[in-house]
Each structure stands twice: as C-alpha cells, then as structure tokens.
Amino acid sequence: MDPTDAGAPLLSDRVQISGNVVPMTLTTGGKLRWPDRCLSIAKDVLGFTVEGSRIKINAVIESGPGICCPGNVGAPMRKTFTFEPLSEDSLRLWNQRLQSVIDSLGRPKRLFVLLNPYGGSRSAPKVFSDDVKPLLDDANIHYTLQETKYRLHAKEVAHSLDVMGYDGVLCVSGDGILVEVVNGLLEREDWSSAIKMPLGVIPAGTSNGMAKSLLDSVGESCTAFNATLAIIRGHKRSLDVATVLQGQKKYFSVLMLAWGLIADIDIESEKYRWMGSARMDFYAIQRIFCLRKYHGCIKFVAAPGFENFGEPNELGGEIDELNSNWVMQDGYCGPTFDMKGFNRKIEGPFVSIWLHNVPWGGEDVLAAPDAKFSDGYLDLIVMKDCPKISLATLMGEMNKGGHVRSPHVLYLKVKAFALEPGPRADDPNKEGIIDVDGEVLARGKGTYKCDQKTLMTYEKLHIKVDQGLATVFSPIN
C-alpha cells in the first residue's frame with residue numbers, strides 16, 4: 001500500500017497499542033495508519049466499536065505472512081485491532097471521524113435477509129451462522145432474518161416488503177431465491193422504485209451462478225465469506241433483466257433460459273438428487289449417448305456484429321400480436337423496442353438452445369464467457385447437431401467456457417428472442433422442457449413430471465432484455 005496515495009491527515013494523534021504509545025493517522029483518502037499497519041477503510045475495515053476507553057477496529061485481512069504487501073493473495077480472514085486514545089476528547093474525536101469516513105462509503109446499514117433452509121444440501125442455516133452473521137455483526141449492520149417456508153415464499157415477501165425500511169435484500173440460497181425476489185419486486189405497483197433495491201447473493205445452494213459470476217469478475221473465489229464482504233462494502237452494479245412473455249403471462253429472468261439438452265439434464269436429473277452434485281454429470285452421460293433432437297425455430301434481434309447469424313426472417317402478423325399482449329398488465333410489463341428488428345431466424349432440429357444473462361451457470365459451468373451484467377444483451381448458445389464423442393468432449397470443456405469455440409456451436413448476442421418449441425425428432429408424441437433460471441417454465445407432453453402445472457405452456461414465447469433494470473451488490477476490484 002503506497003502511503004503517498006493515502007491523502008492528507010484527517011486526524012493524527014498518539015494512541016496506545018499493546019502498551020506502547022505510537023502515532024496513528026486517519027487520512028482523507030480513507031487510510032488508517034500506525035507504525036506496523038496500514039488499513040484501507042473501504043477495503044479492509046468492516047466497522048468498529050467503542051468499549052470503555054478503547055476502540056476496536058473490526059477488519060478483514062489476507063491470511064499468511066506479509067499481509068500488507070502488494071501481490072499477496074492469501075485467503076481473507078477476520079481480525080480485530082485495538083487502540084486506546086489518551087484522553088476522552090481524543091476518544092470522542094476518533095469515534096466521530098471514523099464513523100464519518102465509514103458513512104461516506106454508502107454502505108448498507110439495514111438488510112432484509114431471506115434464507116432458504118431447504119435448498120441444495122440444506123447448508124444455508126450453517127452458512128449464515130458461520131460465515132455471514134459474524135461479518136454483518138462486525139460491520140454493525142442490522143438485519144431482519146426470514147426463512148422461506150415454501151416455493152415462491154420469497155416472491156410473496158418481496159411483493160409486500162417495506163422497501164423503504166431496508167438498504168438491501170440479502171439472499172442466502174442458490175439462485176432461486178434471487179429470481180423470486182426480482183419477480184416479486186417487479187410485480188408490485190411501485191415496481192419502478194422497488195426494483196432499485198440492491199440485491200445481495202450468498203452462495204448456499206445447488207446452483208450459485210450469480211454469486212460465481214459476480215465474484216469471478218474480480219478474480220475472487222465463490223465463497224459465502226467473499227460474497228458477504230461484497231455486500232458489506234456496498235459497491236453496486238446494474239443487472240439486465242429479461243422479460244419472458246407468453247400471452248398475458250410474464251416471468252422475469254436474471255440468469256438463463258434453456259431448451260433441449262441443457263434443460264433436460266438440469267430438470268430430469270432431479271430423479272437422481274440422492275447422488276448430490278454428481279447427478280448432473282451422471283445424467284449428462286445418459287443424455288449424450290441417448291441424444292435427443294427437437295424440432296422448432298428460434299427468431300431473434302441480433303446485437304451489432306452478429307447480424308449475419310441465421311437466416312432472414314419474414315415478418316408477419318406476430319408483431320401486432322406480440323405488442324397487443326404487452327398492455328394493461330399489473331406491475332412491470334417489460335421493455336418496448338422496434339419489433340421490425342426481429343429479422344433473423346434459425347430452423348431446427350436442435351440439440352440445445354441456451355440463453356445466458358451472466359457468464360456462469362453454476363460454480364463449475366462457464367456457460368457464456370462473453371456475457372456482461374448490463375450490456376443489454378443475452379448470450380445465445382445454439383447447437384443443432386454434434387457427434388456424440390465430440391459432444392462429450394464439448395461438455396467437458398464447459399467448466400472453462402471452451403464449448404463456445406466448438407465448430408458445432410453458434411455463439412452470439414441478441415437483444416430479443418422468440419422460441420417456437422416443437423416435438424422430439426425421434427418421437428412426435430413427445431416434447432421438451434423449457435427451463436428458466438433453474439425452474440421449469442413449461443413442460444411438453446411426454447416429459448418428466450408432465451402432469452405438473454407450469455406457469456406457461458409448451459408453445460411460442462418471447463424474451464426481451466431491459467438493460468440494467470435491477471441492482472446487485474458487487475465486489476470491488
């Protein structure tokens with residue numbers, strides 16, 4: 001840490017540390033410095049407490065020797081530093097100045113915490129008690145904890161939450177609770193102000209794609225500790241939201257939509273849930289060697305630079321039909337745009353269609369390596385045909401994003417997308433599954449659990465992207 005970047009002294013005094021009287025300085029640049037340590041208030045300091053005549057600084061430092069040296073990449077750990085001002089006036093002044101610097105950072109002071117005790121390996125309660133709560137306490141953040149009791153409970157809570165009473169909503173779960181919260185906020189009458197509520201994600205579920213994407217964007221590992229630090233520090237970034245529409249029904253997505261191979265693996269592997277995380281790999285092998293293809297068609301508005309993908313689409317009556325369905329609905333109806341741009345299409349059969357809003361689909365699946373959080377586009381991964389051996393190799397490269405470079409894959413960016421799903425190529429009496437953010441949006445006939453009700457039907461649907469509609473807490477570079 002370069003002392004020349006610290007700024008002018010805001011408060012300089014002599015204090016007692018471990019029985020020794022030493023100089024200590026708080027600078028306008030937010031650095032707290034004494035002879036053997038220099039802490040950045042923004043990055044290293046969580047909060048502080050005054051206990052009698054002493055001040056305790058709750059901090060996070062990198063483990064291992066040389067913790068102040070640039071280039072050290074040790075894992076972060078909590079640490080408390082205690083100093084004692086030499087007079088009551090000095091104590092009061094240190095208290096005021098430290099609090100003033102922390103307040104200037106715009107950190108959250110009140111959080112509403114939603115915890116899913118049933119997701120994944122049911123580890124969320126332990127993750128919260130071991131990793132999240134101690135850090136929130138160190139940062140003097142007040143929180144209200146709500147455990148979800150059933151599916152869509154988080155959506156109901158978000159729909160009625162007093163958003164003025166909190167500085168953010170914290171989701172301790174996989175990706176599912178985050179998606180429910182976004183849908184709950186956008187279905188409110190005051191959606192335009194409610195969706196500005198910053199959202200935080202703590203990885204504690206089966207799929208932690210959003211947390212992984214956020215933390216990996218700055219080179220940090222996907223842990224509950226790191227995710228909590230990002231929330232405490234209060235840095236935020238915008239997040240695109242995709243509106244999925246079918247008639248008068250709508251669903252808001254922040255992660256992905258899949259149809260074909262990826263959706264089949266994600267949803268049908270649930271029958272092997274007893275295998276834990278290995279169920280995905282196990283079922284993927286089955287699906288590769290008993291490969292299905294689906295008839296259908298996709299149409300899209302290509303992003304600049306991708307206009308030559310697919311074939312020209314002859315525009316018909318779908319424009320008026322689509323626009324007529326986007327009026328007079330409660331809550332947010334989705335963005336508007338010129339439907340005349342909907343001019344490209346690709347005909348099936350398809351092995352897989354995959355749309356992604358963020359890079360990572362899970363902690364070990366780099367689905368869309370070029371995806372951005374708020375570029376206003378979805379990354380589209382299309383596979384029409386692929387030899388089984390090549391497909392097995394391709395699937396093995398998903399952990400580092402290598403699959404998008406395969407000659408069997410089309411990878412492009414789109415602003416809007418229409419899916420017209422059809423039956424399986426090998427059996428016209430069986431159809432497929434449409435998976436959005438890890439949940440079944442629609443099931444066709446003859447599919448796994450096809451008797452269960454879904455939000456939409458296995459028919460044509462449209463997706464539009466609203467750039468930067470939501471806000472998420474994000475780690476700092």
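Which residues does Asn116 touch, not counting residues up to four places away in sequence?

**View 1. Asn116 and its contacts in the predicted model.** The model shown here and in the other views is predicted. Asn116 touches Ala124, Thr148, Val172, Ser173 and Ile177, leaving aside residues up to four places away in sequence. Asn116 sits in the loop between β8 (110–115) and α2 (124–138). At 15% relative accessibility, Asn116 is buried. A polar atom of the Asn116 side chain lies 3.0 Å from the backbone nitrogen of Tyr118.

**View 2. An open sheet of seven strands.** The strand order is β4-β3-β2-β1-β7-β6-β5, with antiparallel pairing. β4 (37–40) and β5 (45–51) are the edge strands, each pairing on one side only. On average, neighbouring strands of this sheet are turned by 30° against each other, direction ignored. β6 (residues 54–62) and β7 (residues 76–85) pair in the antiparallel sense over eight bridges. Val60 has Arg78 in β7 as its bridge partner. Helix α7 (residues 224–233) lies across β5, β6 and β7. The helix runs at about 45° to β7.

**View 3. Cysteines without a disulfide.** The structure holds zero disulfides. For Cys171, the closest cysteine sulfur is that of Cys222, 14 Å away and too far for a bond. A disulfide would need the two sulfur atoms within 2.5 Å. Cys171 is buried, at 0% relative accessible area. Cys38 is also buried, at 15% relative accessibility.

View 4. Most residues other than glycine have a negative phi, and most peptide bonds are trans. Ser18 has a positive phi, near 55°. Ser18 lies in the loop between β1 (9–17) and β2 (20–27), and is exposed at 73% relative accessibility. Lys449 also has a positive phi, near 55°. Its loop runs between β22 (439–443) and β23 (461–473). Lys449 is partly exposed, with a relative accessible area of 36%. The peptide bond from Gly348 to Pro349 is cis, with omega near 5°. Pro349 lies in the loop between β17 (344–347) and β18 (352–356).

View 5. The structure holds 20 salt bridges, one of them between Asp89 and Arg92. The closest N and O atoms of this pair are 2.4 Å apart. Asp89 is exposed at 53% relative accessibility, whereas Arg92 is partly exposed at 45%.

**View 6. Salt bridges between separate parts of the chain.** Arg110 forms a salt bridge with Asp167, with the closest N and O atoms 3.6 Å apart. Arg110 lies in strand β8 and Asp167 in the loop between α3 (153–160) and β10 (168–173), so the pair ties together parts 57 residues apart in sequence. Arg110 is partly exposed at 38% relative accessibility, and Asp167 is partly exposed at 25%. Asp375 forms a salt bridge with Lys413, with the closest N and O atoms 3.2 Å apart. This pair links distant parts of the chain, 38 residues apart: Asp375 is in the loop between β18 and β19 (378–383), and Lys413 is in strand β20 (residues 409–424). Asp375 is buried at 18% relative accessibility, and Lys413 is buried at 14% relative accessible area.

Conventions:
Residues are numbered from 1 along each chain as its sequence is written. This is a predicted model: local features need pLDDT of at least 70, side-chain atom pairs count only at pLDDT 80 or more; totals for chains, interfaces and linings use all residues. Side-chain values use heavy atoms; hydrogens and water are left out. Two strands pair if DSSP finds at least two bridges between them. Helices (H or I, at least four residues) and strands (E, at least two) are DSSP runs, numbered from the N terminus. Axes are lines fitted to C-alpha atoms, for helices over the stretch in contact, and angles run from 0 to 180 degrees between N-to-C directions. Contact means heavy atoms within 4.5 Å. Buried means under 20% relative accessible area, exposed over 50%, partly exposed in between (1.4 Å probe, protein chains only). A polar contact is a pair of N or O atoms within 3.5 Å; within protein, one must be able to donate a hydrogen and the other to accept it, and residues adjacent in sequence count only if both atoms are side-chain atoms. A salt bridge is a side-chain nitrogen of Lys or Arg within 4 Å of a carboxyl oxygen of Asp or Glu.
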